[in-house]
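This briefing collects computed features of the structure shown below. It begins with the packing of one residue and then moves on by topic.

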Amino acid sequence: MSSPDMSKIKELNEKYEMFRVLNSDVIKGDFLFSVSDSFVTREADTLCGSEILEGYNPPFDADSVIAFKEAGGVPIGKTNMSEFGTVPYTNGPYGIPKNPFDAERTCGGPSAGAACAASLLDIVSLSLSTCGSVLNSAAYCGVYGMVPTYGKVSKAGTVDAGSSVDRVGVISSKSDDIVKYAKILMESGDGKKSQIKTVGIPKGVTDNVSDDIKKNFERNLEILKSLGFEPKTIELPSMKYAAIACRILTTAEASTSMSRYCGMRYGKQDGDYTLESDEFFTSVRTEHFGTPAKEAILLGSYMRMDGTRERYYNKARMVRELMIEEYQSALKECDVILTPTTESAAPLISETSEMTMVESFSADRFTAPPDLAGMPVLSVPCGYDNGGMPMGMMLIANHNEENKLFDFCETWNKQFDIVKPEAVL
Amino acid sequence: MKIGLEVHVQLPTESKLFCSCSTAETEEPNANVCPVCMGFPGSKPVINEKALEYGVLLAKMLGCRIDDTTWFARKIYFYPDNSKNYQTTQHDRPLGREGVYYLNGKKPIRITRIHIEEDPGKTKRVGDSSLIDYNRSGIPLAEIVTEPDIATPAEAREFLKQLIQDIRHTIDMSEDGERSIRCDCNISVGKERCEVKNVTGLRNVEKALTFEAVRQTKLLKAGGKIVRETRHFDEERGVTVSVRKKEMEADYGYIDEPDLGVFNVKELVDSLDVKESPQNMILRLAKEYGIDEKTSKQYVSTSVDMAKLFEMLVSVADVETARKFTSGPISAGWRSFESDDSKNVDGIVSIVKEYRDGGITDVEGNLRIRSYMTGEDMDVISSGSSNLDEMISEFLDENPNVIEDYRKNDKAANRVIGHVMKQTGGAYSSSDIVEATKRLIGERL
């Protein structure tokens with residue numbers, strides 16, 4: 001690999017705002033990669049899209065960053081994300097990543113900058129999946145996204161929102177890279193090599209999705225049949241609760257994880273130390289948290305308080321158990337489960353900034369349930385709508401059966417011609 | 001009156017509960033810290049298995065029900081020395097539940113639960129400012145919670161004393177005063193209870209509870225009402241003062257600790273055997289060998305190893321011989337014997353064997369054991385102690401009720417000691433007099 005042309009990357013970044021910070025001396029290596037701002041790195045500060053962490057220079061690298069570096073990778077910069085990954089669309093203070101296919105449109109939230117960089121720079125991106133964000137953003141930006149089974153990739157050094165559901169994932173425009181780099185991250189094997197024959201389609205899966213997504217999904221089903229796959233209708237009755245359950249757990253957990261940001265020890269430390277501690281915390285947190293973090297703290301705290309905990313937090317945990325059971329029993333009948341990745345192609349940024357937090361949560365309808373249950377997932381680009389915006393479909397395999405997804409990656413790569421955005425480097 | 005205690009014990013691990021920082025005490029503030037115990041973004045806790053092991057041992061010692069799986073929880077409260085503003089503790093699934101501890105081997109004190117948690121850091125007030133030291137942040141603690149089964153402040157003290165002795169023995173914790181034990185004391189004389197937080201040391205627990213009992217009783221008599229509240233014990237003034245009023249249960253918004261997951265402890269629980277606790281040993285020795293409970297208590301409190309030696313002597317000779325030597329020269333010489341690595345119990349056992357086989361008399365046996373254990377010259381012991389021994393024996397012959405009284409309360413020995421001190425006027429060291437007195441009383445018990 002030749003040294004990257006940093007001036008061109010900077011130029012692209014001015015328009016698309018995928019990076020919060022570009023590393024200063026990017027040396028030559030075997031491959032370049034970008035890192036979401038929710039991974040700690042020695043090269044740059046780590047802010048997770050929040051002012052409250054300004055000045056935090058972590059004294060260590062995240063495990064997955066170390067794994068990439070040891071494999072010859074060179075980190076190029078930290079990508080933009082929604083504040084602490086708490087909302088599905090980024091409106092953060094460090095720039096809003098613009099969709100490579102239409103700069104008026106969004107790239108998503110926690111993984112927005114990661115997918116944007118993968119698409120425009122043709123590099124592999126590391127990102128944390130919060131409520132399905134890796135797959136969402138990959139689909140919005142017309143690239144591949146893959147997330148291994150919960151627990152198979154070390155999360156040391158990641159600043160996760162919902163620690164019990166967040167997972168490390170990879171995004172790339174090349175299917176080969178998805179396989180290669182996901183394998184580098186995984187600490188244990190990816191299961192027996194096996195091919196997919198039967199594909200489970202959840203009943204009613206295209207209800208209430210956009211017409212384009214529906215038509216595209218149906219057409220791809222025909223293609224899959226012609227390739228020898230056997231579709232099979234399956235039932236996942238709890239799926240309708242799963243996305244919101246994933247949100248409940250994520251916000252409840254995030255509200256506790258974020259309690260540590262209080263103007264002491266690291267990050268912003270310009271508070272008034274003459275105040276009593278409670279007042280001090282309140283003033284720092286009021287001033288330096290953005291709206292997404294504040295809303296997530298309020299919502300998440302409500303989910304776990306006496307009186308509401310039983311109704312929300314505890315129920316969400318029950319839904320997780322149910323969802324795992326349902327996936328596993330469905331996956332006895334079929335090799336993988338197939339759904340669209342998103343309800344629509346990437347929405348306009350102007351629309352997303354008008355949405356309430358709860359309205360925006362519908363973005364995760366398909367991608368959050370497997371995050372809730374820790375299932376390995378893969379999103380592949382699978383078509384373009386009338387406006388040329390990319391669409392994706394996703395596969396869910398059983399725990400530890402990443403190999404089935406890798407196998408499909410190769411098959412699909414031969415079948416589907418990916419369209420690259422005009423601005424691609 | 002009802003008293004319940006929450007006892008915090010520091011577990012004797014070398015590293016902290018969730019990181020590899022040292023638990024060693026150090027003067028230098030913030031010397032033993034890392035991103036984990038400082039709560040830095042991106043840091044993740046990793047369990048110290050040894051702490052789980054100690055927790056399981058204590059849960060077993062307390063006769064708790066131990067589930068196959070256990071997990072941690074986040075308890076959220078904002079405080080500057082609480083590095084994550086949540087404490088990683090256990091909530092829904094403590095390590096052990098529903099145990100029971102027998103005070104004096106008889107009175108059951110129910111154990112509600114035992115769980116493991118991390119200690120926060122320490123805030124130090126210096127003039128107008130607060131300085132924070134995170135060296136203690138992440139130190140592993142076990143919290144033992146009792147039901148309100150304790151009847152008096154004195155009983156609370158005795159309970160703690162026995163419990164701590166058993167805890168130390170169970171997890172091989174060194175003697176370090178009462179520093180590593182902290183206690184929250186709940187007490188009610190009427191319907192509502194008050195909690196006195198963070199009392200250190202047995203004496204203070206008794207004092208704080210006594211103060212509270214009197215305060216609450218007076219208040220009720222005067223027609224007042226007890227409010228549920230948290231109180232603080234002022235060690236210097238010996239009083240409790242109100243810290244927070246109108247508090248029911250604080251809402252900590254507990255959630256499961258997602259960074260640690262679920263621990264399957266079944267194998268660990270099955271693989272660990274709990275050593276016999278000192279309190280149980282006292283009861284067993286008395287029962288098994290037909291000796292006075294007072295005597296077995298004296299053996300075990302001196303040292304569990306000495307009590308074991310007694311059992312060894314029973315097996316090579318007989319109960320009476322073992323008792324005579326253990327109460328006599330072995331008790332007297334134990335402290336110096338224990339601190340001398342060159343000595344071992346085999347040396348004592350072989351002297352007792354000689355006695356058993358008729359090779360030496362009991363007086364010679366006493367002398368040789370004492371000499372072996374303390375390293376003193378035999379002649380010096382015999383000349384010195386014979387005078388002292390004669391004087392004490394004479395006094396005991398003349399005052400047989402001393403022995404009777406001693407059975408009830410070992411302070412009766414003070415009458416003998418006082419008498420001998422007066423008579424000898426400083427010719428013998430007080431420790432020699434105490435040793436000789438206890439030894440000779442022991443022989444007559």
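Leaving aside neighbours within four places in sequence, Leu395(A) is in contact with Val336(A), Ile337(A), Leu338(A), Val377(A), Leu378(A), Leu405(A) and Phe408(A). The model is a predicted one.

**Chain B overall**

- Chain B has 14 helices and 16 strands.
- Along the principal axes, the C-alpha atoms of chain B fill a box of roughly 75 × 55 × 45 Å.
- Chain B has 445 residues, of which 40% count as buried.
- Among the contacts in chain B with a separation of 6 or more, 67% are between residues 24 or more positions apart.

**Contact between the chains**

- On the chain B side, 20 residues are in contact with 32 residues of chain A.
- The chain B side of this contact has 11 nonpolar, four polar and five charged residues.

**Helices α9 and α10 of chain B**

- Helix α9 (residues 345-356) and helix α10 (residues 362-374) of chain B have axes that come within 10 Å and cross at roughly 170°.
- Angles over 145 degrees count as roughly antiparallel, and α9(B) and α10(B) are therefore roughly antiparallel to each other.
- From α9(B), the residues in the contact are Gly347(B), Ile348(B), Ile351(B), Val352(B) and Tyr355(B); from α10(B), they are Asp362(B), Gly365(B), Arg368(B), Ile369(B) and Tyr372(B).
- By class, the residues of this contact are six nonpolar, two polar and two charged.

**Val345(B)**

- Val345(B) is part of helix α9 of chain B.
- Val345(B) counts as partly exposed because it has 15 C-beta neighbours inside 10 Å.
- Leu313(B) is 32 residues from Val345(B) along the chain, and their C-alpha atoms are separated by 10.0 Å.

**A three-strand sheet in chain B**

- Strands of chain B form an open sheet in the order β5-β4-β15, with antiparallel pairing.
- The edge strands are β5 (86-89) and β15 (255-256) of chain B; each has a single partner strand, so one side of each lacks a neighbour in the sheet.
- Strand β4 (residues 73-76) of chain B is joined to β15(B) by two bridges, and the two strands run antiparallel.
- Opposite Arg74(B) stands Ile255(B), in β15(B).

- Most residues other than glycine have a negative phi.
- Cys131(A), which is not a glycine, has a positive phi of about 50°.
- Cys131(A) sits in the loop between β4 (124-129) and α4 (133-140) of chain A, and it is buried, with 30 other C-beta atoms within 10 Å.
- Asn30(B), also a residue other than glycine, has a positive phi near 55°.
- Asn30(B) is in the loop between β1 (2-10) and α1 (49-61) of chain B, and it is partly exposed, with 14 other C-beta atoms within 10 Å.

Conventions:
Residues are numbered from 1 along each chain as its sequence is written. Chains are lettered from A and ligands numbered from 1 in the order in which they are written. This is a predicted model: local features need pLDDT of at least 70, side-chain atom pairs count only at pLDDT 80 or more; totals for chains, interfaces and linings use all residues. Axes are lines fitted to C-alpha atoms, for helices over the stretch in contact, and angles run from 0 to 180 degrees between N-to-C directions. Helices (H or I, at least four residues) and strands (E, at least two) are DSSP runs, numbered from the N terminus. Angles under 35 degrees count as roughly parallel, over 145 as roughly antiparallel, 65 to 115 as roughly perpendicular and the rest as oblique. Two residues are in contact if their C-beta atoms, placed from the backbone, lie within 7 Å. Ala, Val, Leu, Ile, Met, Phe, Trp, Tyr, Cys and Pro count as nonpolar, Asp, Glu, Lys and Arg as charged, and the others, Gly among them, as polar. A residue is buried if 20 or more other C-beta atoms lie within 10 Å of its own, exposed if 12 or fewer, and partly exposed in between; C-beta atoms are placed from the backbone. Two strands pair if DSSP finds at least two bridges between them.
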